[in-house]
Amino acid sequence: MLTSFFDLQSTHSLSLQFAIVAVWVSLILLIAWVTNRFNSDAELLRKIVHIGTGNVILFAWLLNFPASVGITASILASAVTLLSYLFPILPGINSVGRQSLGTFFYAVSVGVLVACFWHLQQPQYAAIGILIMAWGDGLAALIGQRFGKHKYQVFGAQKSWEGSLTMAIVSYIVCSLILVFTVGNIWQTWLVSLIVALIATGLEAFSLLGVDNLTVPIGSAAFAFVLIQLLS
């Protein structure tokens, strides 16, 4: 009887978690749809979804989602995004024939980080990686596209110093906020955040075929975790 009661509680809790995430994702898609009605900029649409869906990692962390949920969602999202390169499943987000696997790598990185850091009981580092990718890369692309006048190239990929500066600043803010909340207002927080921001910016500069959507979140999370362990 007692076991059944806790199983029922667990089921209700999981249902509530899914409901919250579903509402959030629906809100993001609604914003993207409304934006698309008034602005046909495909890059803006992709970044709204890119940034908005990345915030789901906060719900997973703060609501203590089971790792299996995040991993399963990652696998399903990866499969859908792979199919979308061949069929117009996500035409506004992942254009057919677009020479990038960025959306696929984004989905894979979520699964990898959840699997690793939920196992270590350190989900905040998964949040650091995904949110740096979501907010840092997302805003860097938008700022670079609109205000990036000073260009440079990395292995054929064109970037702007304005976009890279945005990436560094946003990455620093994301990392420091999460570390202050979890580690505390100590000197390691600010030093590690600075190092992680610089590393994330360097990784984002190399974005051939969208590989930065894999290297930035995993690299940011891994360096943040290792550096905190070494310096603490």
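Q: How many aromatic pairs does the structure hold?
A: This is a predicted model, where local features need pLDDT of at least 70, side-chain atom pairs count only at pLDDT 80 or more, and totals for chains, interfaces and linings use all residues. Residues are numbered from 1 along each chain as its sequence is written, and side-chain values use heavy atoms, with hydrogens and water left out. Rings of Phe, Tyr and Trp (its six-membered ring) pair if their centres lie within 6.5 Å. The number of such pairs in the structure is seven.

Q: Is the pair of Trp61 and Phe181 stacked or edge-to-face?
A: The ring centres of Trp61 and Phe181 are 6.0 Å apart, with 80° between the planes. Planes under 30 degrees apart count as stacked, over 60 as edge-to-face and the rest as tilted. With its 80°, the pair of Trp61 and Phe181 is therefore edge-to-face.

Q: How many residues apart are Trp61 and Phe181?
A: Trp61 sits in helix H3 (residues 56-62) and Phe181 in helix H7 (residues 161-182); helices are DSSP runs of H or I, at least four residues, numbered from the N terminus. The pair links distant parts of the chain. The separation of Trp61 and Phe181 is 120 residues.

Q: Is Phe181 buried or exposed?
A: Buried means under 20% relative accessible area, exposed over 50%, partly exposed in between (1.4 Å probe, protein chains only). Phe181 has 63%, so Phe181 counts as exposed.

Q: Which residues form one aromatic cluster with Phe117?
A: The cluster includes Phe117.

Q: How far apart are the end C-alpha atoms of helix H4?
A: Helix H4 covers residues 67-84, which makes 18 residues. The expected span is 1.5 Å times one less than the number of residues, so H4 should span 26 Å. The model agrees: the end C-alpha atoms of H4 are 26 Å apart.

Q: What arc around the axis do the buried residues of H4 cover?
A: These buried residues are Val69, Gly70, Ser74, Ser78, Thr81 and Ser84. They lie on the same side of H4, because their arc (from the directions of the helix axis to the C-beta atoms) is only 160°.

Q: Which exposed residues does the face of H4 turned away from its buried side carry?
A: The buried side of H4 has Ser74 and Ser78 among its residues. The face turned away from it carries Ile75 and Leu76.

Q: How far apart in space are Leu203 and Pro217?
A: Leu203 lies in helix H8 (residues 187-205). Its relative accessible area is 26%, so Leu203 is partly exposed. Pro217 is 14 residues from Leu203 in sequence. C-alpha to C-alpha, Leu203 and Pro217 are apart by 9.4 Å.

Notes:
Helices (H or I, at least four residues) and strands (E, at least two) are DSSP runs, numbered from the N terminus.
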